[in-house]
Amino acid sequence: MNATIFKFPSDIASLHSHIQNFHEFLLERGVVRDPREFSYKVTRPSERDFTMEVTNNVVEFNPIVLKQKKCSFEYYLSIIFHELVHLWVHNIPNKSDAKRVKSSFANVTMRQFDVEADTIVAWYLKEIMDFSLIKYYKLLIEGTRVFGDPEVSSGKVERFIGSLISTARLFVDTNSQNRLYRPTFYLPCLCNRFDASVPILVQYNGYHAIANRDMSNMDIDRLRGIYVNADEARLSEYGCVKDMVDFVAKVLELKIPLPVMRELSKMR
Ligand SMILES: [Zn+2]
């Protein structure tokens with residue numbers, strides 16, 4: 001992996017301008033309406049399990065992941081941005097809020113919020129930080145290598161697959177720079193499968209629908225393997241990204257654009 005390793009604490013200083021740029025992008029696209037002001041700070045690395053914590057108008061980020069495991073600046077930004085979407089867009093800033101969402105509206109609602117946050121972050125990375133689909137998928141692979149957990153629940157695999165599909169749709173959409181563009185969100189349900197067809201909850205233009213798409217057990221096992229980082233020894237970064245691209249092309253019934261294929265083959 002040739003990503004730049006996040007330098008702690010010197011890179012922290014640039015976080016504020018990234019947060020401001022992300023907020024401006026969301027305001028301009030009409031995703032954020034609330035002009036509420038927050039102040040942002042990075043705490044000392046804490047062993048307590050949180051990435052972001054909000055008290056009144058103060059937002060604190062825990063940089064423990066940078067201390068324990070090396071990750072790139074882009075990767076750290078992407079997890080901070082994900083949390084900020086939970087704060088600014090969803091109004092579920094803290095772990096206790098997410099717990100309340102799960103107990104009130106079931107776990108699947110939180111998965112929808114997570115897919116939405118991942119996709120909105122990918123939208124910014126594409127439009128403002130010049131990310132391609134391949135570069136974004138490499139970032140996801142980095143995430144599996146930082147957070148990969150063999151004990152992961154099937155719900156988290158559903159969310160991972162949902163984010164893969166939603167972000168692929170976003171990266172191949174050619175009108176995503178348009179101010180009126182809205183991403184499409186996909187969340188599959190991997191339980192209750194009687195054949196190869198998997199129901200997917202689709203949110204398009206603010207409306208919900210169900211799509212049924214073919215996903216074999218082999219497809220799902222392969223993606224689960226990538227997500228839990230079980231295949232690191234067997235699968236190269238290229239192998240993982242290729243499996244992800246092949247999978248989304250099949251589910252979205254897409255012909256992958258030539259520049260994406262070229263960038264992928266350069267990874268070999
Ligand atoms: Zn989340």
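Trainee: What should I know before looking at the model?
Mentor: The model is predicted, so local features need pLDDT of at least 70 and side-chain atom pairs count only at pLDDT 80 or more, while totals for chains, interfaces and linings use all residues. Residues are numbered from 1 along each chain as its sequence is written.

Trainee: Which domains does the chain have?
Mentor: The assignment gives domain 1 (1-87) and domain 2 (106-268); such bounds come from an automatic or database domain assignment. Taken over C-alpha atoms, the centres of domain 1 and domain 2 are 22 Å apart.

Trainee: How many residues does each domain put into the contact?
Mentor: Domain 1 gives 19 residues and domain 2 gives 14 residues. Two residues are in contact if their C-beta atoms, placed from the backbone, lie within 7 Å.

Trainee: And which helix gives the most on the domain 1 side?
Mentor: That is α3, with seven residues. Helices here are DSSP runs of H or I with at least four residues, and strands are runs of E with at least two, numbered from the N terminus.

Trainee: New topic. Which residues touch the most other members of the largest nonpolar core?
Mentor: Tyr136 and Met244, out of 55 residues. A nonpolar core is a set of buried Ala, Val, Leu, Ile, Met, Phe, Trp, Tyr and Cys residues joined through C-beta atoms within 7 Å. Buried means 20 or more other C-beta atoms within 10 Å of the residue's own, exposed means 12 or fewer, and partly exposed is in between, with C-beta atoms placed from the backbone. The largest share of this core, nine residues, comes from α3.

Trainee: What is Met244 in contact with, leaving aside neighbours within four places in sequence?
Mentor: Tyr137, Leu164 and Ile226. Leu164 is in α7 and Met244 is in α9, where those two helices meet.

Trainee: How do α7 and α9 cross?
Mentor: The axes of α7 (residues 154-172) and α9 (residues 237-251) come within 10 Å and cross at roughly 75 degrees. Axes are lines fitted to C-alpha atoms, for helices over the stretch in contact, with angles from 0 to 180 degrees between N-to-C directions. The two helices are therefore roughly perpendicular, a term for angles of 65 to 115 degrees.

Trainee: Last one: where is Val228, and is Val228 buried or partly exposed?
Mentor: Val228 sits in the loop between α8 (217-227) and α9. Val228 is partly exposed because 19 other C-beta atoms lie within 10 Å.

Technical notes: Angles under 35 degrees count as roughly parallel, over 145 as roughly antiparallel, 65 to 115 as roughly perpendicular and the rest as oblique.
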